[in-house]
Amino acid sequence: MKDTQILGPSDRPPLIRWLPLSFQHVFAMFGATILVPLMTGLNPSTALFTAGTGTLLYILITGAKVPAFLGSSFAFIPALIGVSDLYGMPYALGGACCAGLFYVVVAVIIKIAGTKWLDRALPPVVIGSVIIVIGLNLAPTAMQSAMYKDGVYSLVYFSIALFTLAVAIIATIFFKGFFNTLSILIGLVGGYLFTLIMGNFFPEYKLIDFSVVSSADWFGFPSFAVPKFSFVPILTFIIVSLATICEHLGDTLVTSKVVGKDFYKDPGLHRTLIGDGLATAWASFWGGPPNTTYGENIGVMAITKVYSVWVIGGAAVIAIILSFLHKFGAVIQTIPSPVMGGISMLLYGLIASSGLRTIVESGVDYKDKRNLTISSVIMVVGIGGGMLQFAVGKDFIFELGGVAFATVIGILLNLILPNTIDNRKDV
């Protein structure tokens, strides 16, 4: 039975509810969005600007039908670092820009060929298994943030994470009406206040440092950069984009299942791909990291049942404002790692649960050895870190791993294995 949505994709909440609902998404995406530029040498404020504007561009291209927030992509980190070391960051940005345009080429091909082949390639057993992999692939990240300080297990960290998780669960299960839709924000605030109060009594809990806030400027422009173009960096990023396109398929599937609408058909996979690709090209053109749809924000929607594109658009506008108001961005940076870990335990688990729900509601029969085989291989390859890796020339190693590789394996198994297998029990 389909869950009752509180706000559908086209519904616009009143302003007094709109702002906190959008801020909830900002908190969910903030850490990952600024981490990618910090790891690759790009500017975090620029990443916020290009994430916000890229999300608005995506909403425009998809006809305001798909509630998805686009933030910095982790999949392009090796290419950004490798190409920038050899050729310089402007050429890495040029390669990323062309990778985004390659999305558009693939989208045009899909538009011409249609999407009927997707129904054959991606039945519920593949879709559900891939969604489970997406959620469980994020699980180690959540637990790492929740339990470890500088690589060493910390009971203090874990207690903060558990308290944050408990507040979020209580708000999700027991709060009613508008406060129920703010369960993630309530959990974050609860965990933050718990850490702040405990830090005044126990030195081990003193994890919030406001010095970064006091040293940050109130206002400042993001640092923009101009991309440059060369054949090898372009080819490198296009090869990587083959993997990220597969990830796009999975993310769009998850969003479709959470919202209860088939976004492959309306607005169409070609439009979601064009939106994702042009958002990446746009981000790279301004000096930001390539974009991708965020599982963290999908998890927020799964919990709150608020699927409003207006809410996502509001989060995008807030991200743009934060890119100029560095003081407010610094405040968000003070959120302790275990607080985010506690929230992520719930968010990422809900994504995996959406996959289980897809399998259950679709009536996938696991007495059928074909279904059992496909699902088993997808989950082991995806969760176990299966990877296809080979050298492209002498300067770059191509990797297709994790969710993308598991998706490809699942599609191939589904197409190759015969529909009828002898399911008799072994004697």
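1. Aromatic pairs first: a search of the whole structure, which is a predicted model, finds 14 of them. Rings of Phe, Tyr and Trp (its six-membered ring) pair if their centres lie within 6.5 Å; planes under 30 degrees apart count as stacked, over 60 as edge-to-face and the rest as tilted.

2. One to look at is Phe-49 with Phe-224, an edge-to-face pair with 5.3 Å centre to centre and 70 degrees between the planes. Phe-49 belongs to helix H2 (residues 44–61), while Phe-224 is in the loop between helix H10 (211–215) and helix H11 (231–259), so the pair ties together parts 175 residues apart in sequence. Helices (H or I, at least four residues) are DSSP runs, numbered from the N terminus.

3. Phe-49 counts as buried at 12% relative accessibility, whereas Phe-224, at 36%, is partly exposed. Buried means under 20% relative accessible area, exposed over 50%, partly exposed in between (1.4 Å probe, protein chains only).

4. Now to helix H9 (residues 183–199): 12 of its 17 residues are buried, so the rest of the structure largely encloses H9. Among them are Ile-184, Leu-188, Tyr-192 and Phe-194.

5. A note on conventions: residues are numbered from 1 along each chain as its sequence is written. Local features need pLDDT of at least 70, side-chain atom pairs count only at pLDDT 80 or more, and totals for chains, interfaces and linings use all residues, while side-chain values use heavy atoms, without hydrogens and water.

Terms used:
Helix = DSSP H or I, 4+ residues; strand = E, 2+ residues; numbered from the N terminus.
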